[in-house]
Amino acid sequence: MSNAIVVAGITSLYMAMPVVEFPLQYTPQRFPRWMRAEVSGAAGHIADTLQSLGNEARLCTLVGEDVAGEAIKASLQARGLWGPGVVMAPRSSLGVVLVASNGRRSGHPFVAAVNAIEYPIEVFRSLVHDADLAVLTNTAFVRPLLGQARERGVPIAVDVHLITDVDDAYNRPWLEAADIIFCSHERLPCSPRRWVAKIFQRYPGCAVAAVGLGGRGCVMGLEDGVLIRVDAVAPRGVVSTAGAGDALFASFIHSWLASRNPLEALEDAVLHAGWKVGDTFPGATSLTSSELARLKEMHPLTVFVDRWDTSP
C-alpha cells in the first residue's frame with residue numbers, strides 16, 4: 001500500500017554544466033562539453049523520488065507565471081506531480097549548478113522570487129489532514145505550515161542541509177517540530193556522532209537524526225541510543241553530487257514508512273543516492289521500488305552498528 005506524503009517547498013528550473021575544477025578560473029568564454037536544463041529544487045526532487053518509489057506525493061509548491069514556470073509545469077505534469085498543492089506566483093525559482101570533474105557541485109539557487117510569498121494555509125490543510133507524513137523543507141514560506149501539520153498529528157520530516165548550530169535561530173522551528181531530522185556533514189562544528197547526540201538532547205521529540213556524509217555514506221541515530229552507519233556505494237560511478245542529500249532523505253522516508261525498519265531504510269537511502277549521482281543531473285532520474293530492490297541484491301552494503309549514547 002502506498003503512503004500519502006505531503007512535500008512542501010521549492011521547485012525550480014535548474015541549469016547544470018561542467019567546470020574543470022574549483023575554484024573556478026576566469027575566462028571570457030568557455031564551451032562546456034554538456035549542459036542540461038531540468039526541473040528540480042528540494043521539494044520537486046523529493047516529491048519526484050517519492051512518487052517514483054511508489055508513494056502518493058502531494059506537492060505543495062509555488063510556480064511562476066513566466067517562461068520558467070511553463071517548463072516547470074510541463075515537467076510536473078509529465079511526472080504526475082501537478083496537483084491542487086501547486087500554487088501560481090508571479091515568478092519562478094531558478095538555479096544553476098556547476099559540476100567539477102570529480103562530481104563536486106556548487107549550487108546557486110535563486111529563491112527570492114517565491115520566498116516572500118505566503119503559501120495559502122487552506123490549500124495545505126486540505127492536503128495534509130489524512131497524510132501519513134509531511135516533508136516540510138526549510139524554505140521560508142513553509143514555516144507557517146509546521147503548526148498545521150502538528151495540530152493534525154501528522155509526523156514531520158525535515159532536512160536542514162548546511163547547518164552549523166544545534167540552536168540555529170532560522171532552523172529552530174523545524175527542529176522543534178520534526179520527528180525525522182536530516183542534515184549535511186559539510187559545516188557541522190563537531191563529529192556526526194556528537195551532532196546526533198546533541199540533536200536528541202536538545203530536541204527530545206525527535207525519533208531519527210541522520211547526517212549525510214557525502215562519499216562516506218550516512219550515519220543515523222535513533223532515540224533509543226542506537227547509531228547506524230552505512231558506507232557509500234556508487235554503482236554507476238560519480239558524475240554529479242547535486243541533489244544527493246535530497247535523494248538520501250527522500251529514499252529513507254519511503255523505506256522507513258514502508259518497513260519501519262531504520263537499518264533497511266538507511267541502506268536503501270544510501271544505495272539510491274549513490275545510484276543517482278551517476279547521472280549528470282541526479283534530480284531528474286529515480287528508480288522504482290522494484291528496481292531499487294534488484295540493485296540492492298547486486299550491491300551489498302557495509303553497515304556498522306554502535307551507540308551514540310555511550311552511557312551505561
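Predicted model: local features only at pLDDT ≥ 70, side-chain atom pairs only at ≥ 80, totals over all residues.
Salt bridges are considered first. The structure contains 13 salt bridges. One of them is formed by R79 and D48, whose closest N and O atoms lie 3.5 Å apart. This pair connects distant parts of the chain, 31 residues apart: D48 belongs to helix α1 (residues 42–52), whereas R79 is located in the loop between α2 (67–78) and β5 (86–89). The relative accessible area of D48 is 5%, and because buried residues are those under 20%, D48 is classed as buried.

A further salt bridge is found between R105 and E186, with a separation of 3.2 Å between the closest N and O atoms. R105 is part of strand β7 (residues 105–110), and E186 lies in the loop between β10 (180–184) and α7 (192–202); the pair therefore ties together parts of the chain that are 81 residues apart in sequence. Both partners can be described by their accessibility. R105 is partly exposed, at 32% relative accessibility, and E186 is likewise partly exposed, with a relative accessible area of 46%.

The side chains of R150 and D179 also meet in a salt bridge, at an N to O distance of 3.2 Å. Here, too, distant parts of the chain are linked, 29 residues apart, with R150 in helix α5 (residues 146–151) and D179 in the loop between α6 (172–177) and β10. R150 has a relative accessible area of 36% and is partly exposed, whereas D179, at 18% relative accessibility, counts as buried.

Two packed helices are described by the angle between their axes and the distance between the axes. For helix α8 (residues 244–259) and helix α9 (residues 262–276), the packing angle is about 145° and the axes are 7 Å apart. The crossing of α8 and α9 is right-handed. On the α8 side, the contact is made by A244, A247, L248, S251, F252, S255, W256 and S259. The α9 side contributes P262, E264, A265, L266, D268, A269, V270, H272, A273 and K276. Classified by residue type, the contact of α8 with α9 comprises eleven nonpolar, four polar and three charged residues.

Notes:
Residues numbered from 1 in each chain as written. Heavy atoms only, no water. Salt bridge = Lys/Arg side-chain N within 4 Å of Asp/Glu carboxyl O. Helix = DSSP H or I, 4+ residues; strand = E, 2+ residues; numbered from the N terminus. Buried < 20%, exposed > 50% of the residue type's maximum accessible area, 1.4 Å probe, protein only. Axes fitted to C-alpha atoms, helices over the stretch in contact; angles between N-to-C directions. Left-handed = near helix turned anticlockwise from the far one by under 90°. Contact = heavy atoms within 4.5 Å. Nonpolar A, V, L, I, M, F, W, Y, C, P; charged D, E, K, R; others polar.
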